[in-house]
Amino acid sequence: MFRPFGALALLALSTSVLAQTAPVAAPDPAALNAKLAAPLPADQAAMKAHVLFLASDAMKGREAGSPEFDIAAQYVAAQFYAAGLRPGGDAGGYLQTVPLVSYKAASKGDFVWTGREAAQPLVFGQDYVPSANGAKAETSVSAPVVFVGYGIDAPQYGQDNYKGVDVRGKIVAYFGGAPARLGGEERAFFGSGGTKAAVAQAKGAVGVITLESPRTAKVRTFAKLADSYASPRMTWANPDGTGKVDAPRAPSLGTVSMAGAAKLFVGARTPWTKVAKQAMGANAKFKAEPLVGTLSVATKTSFVPAKSSNVVGMIPGNDPVVGKEVVVLSAHLDHIGITKPVASDKKGGDALNNGALDNAIGIASLIEEAKRFTASGQAPKRTIMFLAVTGEEKGLVGSDYFTNHPTVPLSSIVADVNLDMPILTYKFEDMVVFGAERSTIGPIVQKAVAAIGVGLSPDPMPEEGIFVRSDHFRFVQKGIPAVFLWPGQKGPGKAAVAYFMANNYHKPSDDLSQPIMWDQGVRFVDANYRIAREIADGAQRPVWNAGDYFGTLYKGPMADKAVRK
C-alpha cells in the first residue's frame, strides 16, 4: 500500500489506530509453526501457494523495475493462463509494458527573492529545499508570488483559498495539508500536493511552492527535509523520457522554511508572524494576497529510465448487448523491495520486505477469483478484466498508466473492484468497503457481504481518507465508480489490524511467519467474487450517486445518469 496520495497513508493510520488500542502480544511461535505445517483444503492451499512464491526471499520484495518483479509478473501471467483467462496486454500477451522513469533533484538549485530591496539569494537547507521536476531536466521560473492559504478551491466545502486573487503567470505559495474540519476522503484529496498543483495550473499559475508551518515542523524538521532533497521518485515515462506529473505547467519548485517565508512576506498586508500563528490551528483560515516581490527559481533534475509491467487477463462477456462492457478487478503486485535493515525486526536486522499481506495475498485473491469465474461454467454477461498492476508503492503508477493507456476502450470500463492488503490474521466478523456509499455499487456490496454471513460496517478510520489512496482511485479519476474491500474491525479485528500496522506494515516481518488464516482468505475471495459477478451480470452498469463529490468532479461516460438516493 502506498503512503501519500495514492494510496494509503497507513503510517499515519497506524498511529491513530494504536492510540485507541492496547498493546497486543505477538503470536506464540510454537503454535504458529504447528498451524503452518497443518494440511489445508485445496482452495486454501492454492492461496497459500501463490503467497509462498510471491512473498519468498527469492522475489526480493518485488520492487517495481526490478528483475524479481518481472519474474513475479510472469508467474501471474502463467496463473492467468492456467485459470483460462485470455491475454489482455500488449501484442496478444498478458503483459502490458509500463515505461518507468526514476527522477531526482540534480542540484541544490537557486532561489532568489527580489522584494522592496535588492535581490536576496535564499539559502539552501535554511530557507528552501528544491523539488525535482519529473517533467523537465531544467526548470527556470521567475514570477510574482501569491499566497493562497491551503491552496484549496472547494467553495462547496467553505474552502475558497483563491478568492480575490489572480494567479495567472504567478507562483502560488501554500501550506501543505487541509483543514481538519473537512475530514475523510475529501480532506486527504484536497491536502495532496498533486491536487493542489493541478488546481494552481488550472488557474494559470506557472509554479508552486509549499510553505513550512509550525504544525509540519513538528512532524518533520526542515533539516531532515534538506537531508533527503535528492531522494529519487518514480513515475511512468513519456515517449521523450520525461515523467508524467500532475501539473507540468505549474511544477512544484520546492519547500520554503518558516525562516524563508518570513523573507517572502516582508511588506505584505498580513505579516508572516500573524500567518504563522494562524497556521498553528487545525482549522486555520487565511486570506489570499499577493506578496511584494518576485521569486526566481532555477533547478535541475536527473532521470534514469526503467521498465515494468502490468498483467492483464480477460474473461469475455457473453451478452450481445453489454458483453463489451468491462468490470475490472485490480490488485497491486509490487512491494517496497530491499530497504535499510530493521534492527528491531524479529529476523534480526533483515532488510528484505517480503510483502506477504501487502500485497501478495491480494494477488493470490485475484488469481483465485479468476479461477472461480472459469470454474463456474457460467460466462459473465459483461467482460471481466483481472489486472495486476505495478508501481502502486511508487504512487499508484501502474494503475495510472493503465487508465491513461487502457488495453480496452476506457469508455467500456464500468467499475473497478480493488484488492489491496487484506489483513487476514483473524476471523473477520464484518467488512468495510471504501466507496460503497458513493455509487450504485453500494447495494451490490451489501448483498454480497450478507451472503457470506457478515455485515457491512462504516469506515472505522475516516480521517485517513483511504478511498483516495489505492489503485482504484485512478479509475475514479476517469469517472469510473470503484470500491475497495477490507475485512472489518469487529471482534478481534481491531487488535489484529493494530498489531499488523505497528509491527509488520512495510517491514521485513510482513512474511509467511504471520498467523495468516487461509480460510479467511477464501471468505475474502468469496465476497469479492460475488460483487464482481453481480456487477458483471447486472441489468445496469454502476453509476455515481447524484451529488457525490468525486462523481461530479471526474465526469465519466455515465455522469449524466447519476442516481438519486
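In which sense, parallel or antiparallel, do strand β19 (residues 430-434) and β21 pair? In the predicted model examined here, β19 and β21 pair in the antiparallel sense, over four bridges, and within this pairing Val-433 stands opposite Leu-485 of β21. Strand β21 also pairs with β18 (residues 413-419), in this case in the parallel sense and likewise over four bridges, with Asp-416 standing opposite Ala-482 of β21.

Strand β21 itself, which spans residues 482-487, is mostly covered, six of its six residues being buried. In a regular strand the side chains alternate between the two faces of the sheet. In β21, Ala-482, Phe-484 and Trp-486 point one way, whereas Val-483, Leu-485 and Pro-487 point the other way, and all of these residues are buried.

Burial was also examined for a helix. Helix α11, comprising residues 356-375, is largely enclosed by the rest of the structure, because 16 of its 20 residues are buried. Just after α11, the backbone at Gly-377 takes a positive phi of about 75°.

A further buried position lies in a loop. Asn-504 is found between α15 (493-503) and α16 (518-537), in the loop that joins these helices, and has a relative accessible area of 6%, which is under the 20% cut-off, so Asn-504 is classed as buried. When its neighbours within four places in sequence are left aside, Asn-504 is in contact with Tyr-499, Ser-509, Asp-510 and Gln-514.

Definitions and conventions
Residues numbered from 1 in each chain as written. Predicted model: local features only at pLDDT ≥ 70, side-chain atom pairs only at ≥ 80, totals over all residues. Heavy atoms only, no water. Helix = DSSP H or I, 4+ residues; strand = E, 2+ residues; numbered from the N terminus. Buried < 20%, exposed > 50% of the residue type's maximum accessible area, 1.4 Å probe, protein only. Contact = heavy atoms within 4.5 Å. Pairing = 2+ DSSP bridges.
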